[in-house]
Amino acid sequence: MRKLQTLVAAAVAVTLLAGCGGQAATPAASEDPSTAPVGGSGETLVVYTNSNGEGRGDWLSAKAAEAGFKIEIVGAGGADATNKLIAEKNNPIADIAFGLNNMYFSQIQAEGALEPYEPAWAGDVDKELGDGETYWPLVKQAILLGYNSDKISKDAAPRDWTDLWTKDEFKTRYERVTGLGTATAQLVFAGILSRYRDDSGDLGISDEGWKQVEQYFQHGSPAIAKTDLFARIASGEVEMGQMPSSIIADREKSFNVNVETVIPSVGVPLAVEQIALVKGTKKKDEAQKFIDWFGSADVQGEFAQKFNAMPVNKTAQAKANPDVVDFFADLKQQDIDWEFVQENMGAWVEKIELEYMT
């Protein structure tokens with residue numbers, strides 16, 4: 001996506017501080033008070049997240065240490081992290097969870113695994129993007145179909161996901177998933193299946209909807225373990241696939257490819273990544289301080305600059321790359337009944353894995 005590619009050069013200039021050995025760094029005497037350490041209990045916070053890839057986990061650990069926090073990041077796919085938080089609700093290991101979207105946090109909240117907490121920055125975000133009580137929005141993430149724009153012109157590109165398996169020219173040229181443990185994969189199917197809602201159909205989906213899923217798996221090139229989609233695009237093995245918006249610019253640079261994205265007429269699934277306090281944490285005060293710090297305009301602004309993210313924090317948006325802000329301003333969001341999706345996603349995943357993902 002050329003539009004986002006230009007963001008990388010400026011973004012990488014953000015400098016990580018060196019003192020990240022798990023001990024609070026000592027601020028310089030002339031340091032801005034806003035950057036002074038705010039943690040400092042010495043307790044190690046366990047942070048569950050699905051947003052530690054592309055260097056995010058290392059960056060966060062370094063910045064947290066600078067701010068006086070000791071954290072241990074435990075990364076997992078969105079669905080896996082959700083299941084882990086629910087399974088541990090009576091004996092929680094994590095103190096904080098972030099990066100999961102509202103669909104996942106809604107499930108966790110329904111299981112009683114979150115502690116109500118209103119962050120200091122609650123007034124700077126749209127509470128409607130979270131639940132306004134236990135989980136709070138951090139960044140927006142568009143779930144996109146991207147294609148190699150060096151090989152496929154815009155006029156010849158697919159117009160929608162369904163073109164991939166219904167038009168001969170795209171069959172076998174796209175990567176299809178081999179697992180549904182990630183938030184991106186589940187949101188792709190939420191966007192497809194929601195179009196075929198039929199309350200009398202199997203799991204609320206019409207026969208035509210399940211036929212679409214069957215064809216997706218029949219005609220796609222299976223993802224290869226530990227091989228990035230962009231590496232396969234660069235080698236010419238495939239030319240299209242699913243991708244969250246924030247990774248595109250870095251991957252284009254890393255694999256020396258150019259990617260454009262498809263915006264179907266129905267729009268694209270838009271995820272809002274959140275943060276929450278885990279119920280039962282024994283480090284509640286320190287965890288609340290961390291949430292206040294991480295969601296603050298300063299930190300979210302730096303995060304947005306570094307990773308081309310679209311912060312929800314209105315003040316932080318001023319620090320985000322203008323091209324990213326413009327991209328989201330023009331983006332058409334798919335109208336998805338997330339309550340319907342949440343109620344059915346577990347059963348959809350089971351059906352897809354048993355009947356179609358072979």
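What pLDDT does the chain average, and what share of the residues score at least 70? The structure is a predicted model, with local features requiring pLDDT of at least 70 and side-chain atom pairs pLDDT 80 or more, while totals for chains, interfaces and linings use all residues. Numbering starts from 1 along each chain as its sequence is written, and side-chain values use heavy atoms, leaving out hydrogens and water. The average pLDDT (the predictor's confidence in each residue, from 0 to 100) comes out at 89, and 89% of the residues reach at least 70. Residues 2–34 are another story: pLDDT stays under 50 there. Where pLDDT is low, the predicted coordinates should not be read in detail.

Helix α3 spans residues 56–66 and is mostly covered, with 9 of its 11 residues buried (under 20% relative accessible area, 1.4 Å probe, protein chains only). Helices here are DSSP runs of H or I, at least four residues, and strands are E runs of at least two, numbered from the N terminus. Among the buried residues of α3 are Trp 59, Leu 60 and Lys 63. Their cover includes β2 (70–75), β3 (96–101), α11 (284–294) and α12 (297–307). After α3 comes Gly 68, with a positive phi near 95°.

Helices α5 (residues 102–110) and α14 (residues 338–355) bring their axes within 10 Å, crossing at roughly 65° (lines fitted to C-alpha atoms over the stretch in contact, with angles from 0 to 180 degrees between N-to-C directions). Contact (heavy atoms within 4.5 Å) involves Met 103, Ser 106 and Gln 107 of α5, and Trp 338, Val 341, Gln 342 and Met 345 of α14.

Methods:
Buried < 20%, exposed > 50% of the residue type's maximum accessible area, 1.4 Å probe, protein only.
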